[in-house]
Amino acid sequence: MEMQQDSLLISDEIETNIQNLFQYFHSSDDVRSREFTMQSLRGSLLYLSTITDTDKLQSDILKPLLQSHAGRLEDILPILDIELVTDLKTAAAGMLQGKCAILLEQRMDIVLVDASSRVVHSVGEPQNEQTVRGSHVGFVDDVYVNGQLIHQRLKNANLVERHFTLGSESPTNVKLLYMCDIADMTVVDDIIANLLTNQATFIKSSGQITDRLESSHLSPFPQLLFTERPDTTVSHLMEGRIVLLVDGSSFATILPVTFFMFFQAADDFNARWWNGTFFRFLRLISVMIGIALPSVYISIVSNHFDILPIDLVFSLKASLENIPFNPLMEAMFMITVLELLREAAIRLPKSIAATLSIVGGLVIGSEVVNANLVSTTMIVVISLTAVASFSVPSHEMRLAIRLISFPIMIASSLLGFAGIAFSFCLLFMHLSKLETFGVPYFYPFTPFEPRRILTTLVQLPRRIFRRKASDRRAS
């Protein structure tokens with residue numbers, strides 16, 4: 001039953017206010033009250049026992065109130081966060097954040113003081129972004145702890161932090177961080193407007209917030225970069241990008257992004273420049289393998305046997321002799337099996353997942369060959385494709401690569417190499433047209449800037465190539 005509008009107003013009777021607050025919470029058992037007398041005035045403390053630190057409530061709030069002989073209530077409490085509210089709805093919203101509501105006779109307002117109890121999160125190692133020589137500290141599910149980890153690494157007065165509360169039914173704390181001297185303030189204003197104008201009643205996950213920030217919902221490519229590393233987050237802030245932290249999520253969201261940002265890893269900057277350059281090139285090559293290798297094999301087997309050496313033709317023909325399916329169906333079947341194994345390994349406990357991945361891959365791989373369902377060459381092709389896709393640091397980009405490979409395989413089966421060429425033309429056209437908050441997604445190739453291409457593909461030593469602060473803006 002909804003409360004009447006009049007019951008949300010503060011009454012001059014303290015009993016009425018207490019009753020209305022209890023009614024607002026539907027007389028929930030975790031709503032507690034404590035009567036007290038301060039300077040001959042009757043008062044009451046109202047709080048939620050599940051999210052309030054009772055020790056802090058007793059020592060820092062109740063004890064000073066009982067021992068006070070003169071002075072204002074706001075001057076008696078040794079609490080920094082004190083707020084005066086004039087309606088019961090705002091007071092109830094403060095109690096939901098762990099604050100204690102203080103009601104006094106002869107006062108037409110309610111005093112909210114911070115007495116929240118926070119769960120202590122131990123900072124652990126990132127699970128999805130492992131590094132050899134870099135930092136081993138990762139984000140946790142508490143947005144305040146994550147903000148503290150960023151401030152510990154970036155001690156700069158230009159670091160600006162904006163706080164938001166999203167979700168009317170269950171408020172969720174969100175932080176927006178950026179460097180005011182190098183970030184694009186137009187992008188910052190667009191993000192803030194998007195967050196404030198598209199609020200949901202309940203935030204189920206951080207993806208519900210970040211999905212609204214994507215420029216194109218039809219594109220298979222990720223338009224936001226997620227990281228669980230504070231050092232990576234700080235480096236993006238110093239590049240002029242914007243960081244979004246959501247309470248309950250152990251990942252920071254980076255925006256705006258470009259295509260080549262998804263292939264950079266923390267170890268690139270910890271190793272020598274030629275090592276970092278080699279592995280960055282290796283990741284870019286792995287993208288081409290993950291997208292094109294099954295399609296090239298299907299195209300050769302289906303339409304272009306004449307380009308192979310004669311010895312290799314005989315070998316392929318022998319492996320395909322007793323296979324009843326065409327290469328496209330073989331590839332689709334093996335990729336589906338691989339995705340099923342990967343999904344099962346994610347959902348199962350870690351102790352079982354490793355066994356499933358090894359035994360499942362060996363048993364299924366050997367038995368489908370013995371049953372003449374898939375050729376041995378196709379298993380090699382799909383295995384190389386899977387290994388290549390797993391070398392991409394970003395999980396979202398790995399999913400996009402696997403998704404894009406399906407239509408290219410169909411085009412190669414129908415049109416051969418012409419289908420692959422046509423598919424890649426459409427792919428590059430889409431990448432060239434896509435933008436994230438006004439930043440070209442395929443930058444620096446479109447628009448073409450040779451100087452930026454060098455720094456994107458090659459990890460140059462700092463003594464050879466340095467950038468000024470004015471050249472660090474997100475682009």
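Predicted model: local features only at pLDDT ≥ 70, side-chain atom pairs only at ≥ 80, totals over all residues.
Q: OK, how many salt bridges does a search of the whole structure find?
A: The search finds 11 salt bridges, a salt bridge being a side-chain nitrogen of Lys or Arg within 4 Å of a carboxyl oxygen of Asp or Glu.

Q: Which residue does Glu15 meet in a salt bridge?
A: Glu15 meets Arg42, at 2.9 Å from N to O. The pair links distant parts of the chain, 27 residues apart, with Glu15 in helix H1 (residues 14–24) and Arg42 in strand S2 (residues 41–48); helices (H or I, at least four residues) and strands (E, at least two) are DSSP runs, numbered from the N terminus.

Q: And which residues are in the network with that pair?
A: Glu15 and Arg42 are linked with Glu35 and Glu105 in a network of salt bridges.

Q: What about Glu339, which residue is its partner?
A: Glu339 forms a salt bridge with Arg342, with the closest N and O atoms 3.0 Å apart, and both lie in helix H11 (residues 327–347), 3 residues apart, about one turn of the helix. Arg342 also meets Glu343 in a salt bridge, at 4.0 Å from N to O.

Q: Is Arg342 buried or exposed?
A: Arg342 counts as buried because its relative accessibility is 19%, where buried means under 20% relative accessible area, exposed over 50%, and partly exposed in between (1.4 Å probe, protein chains only). Glu343, at 31%, counts as partly exposed.

Q: Switching to the sheet, what is the strand order?
A: The order is S6-S7-S9-S10-S8, with 5 strands forming an open sheet whose pairing is antiparallel; two strands pair if DSSP finds at least two bridges between them. The edge strands, each pairing on one side only, are S6 (159–166) and S8 (225–227).

Q: How many bridges join S8 to S10?
A: There are 3 bridges between S8 and strand S10 (residues 252–255), which run antiparallel, and Phe226 stands opposite Thr253 in S10.

Q: Which helix packs on the sheet?
A: Helix H6 (residues 185–197) does, touching S6, strand S7 (172–179), strand S9 (242–246) and S10, where contact means heavy atoms within 4.5 Å.

Key. Residues numbered from 1 in each chain as written. Heavy atoms only, no water. Axes fitted to C-alpha atoms, helices over the stretch in contact; angles between N-to-C directions.
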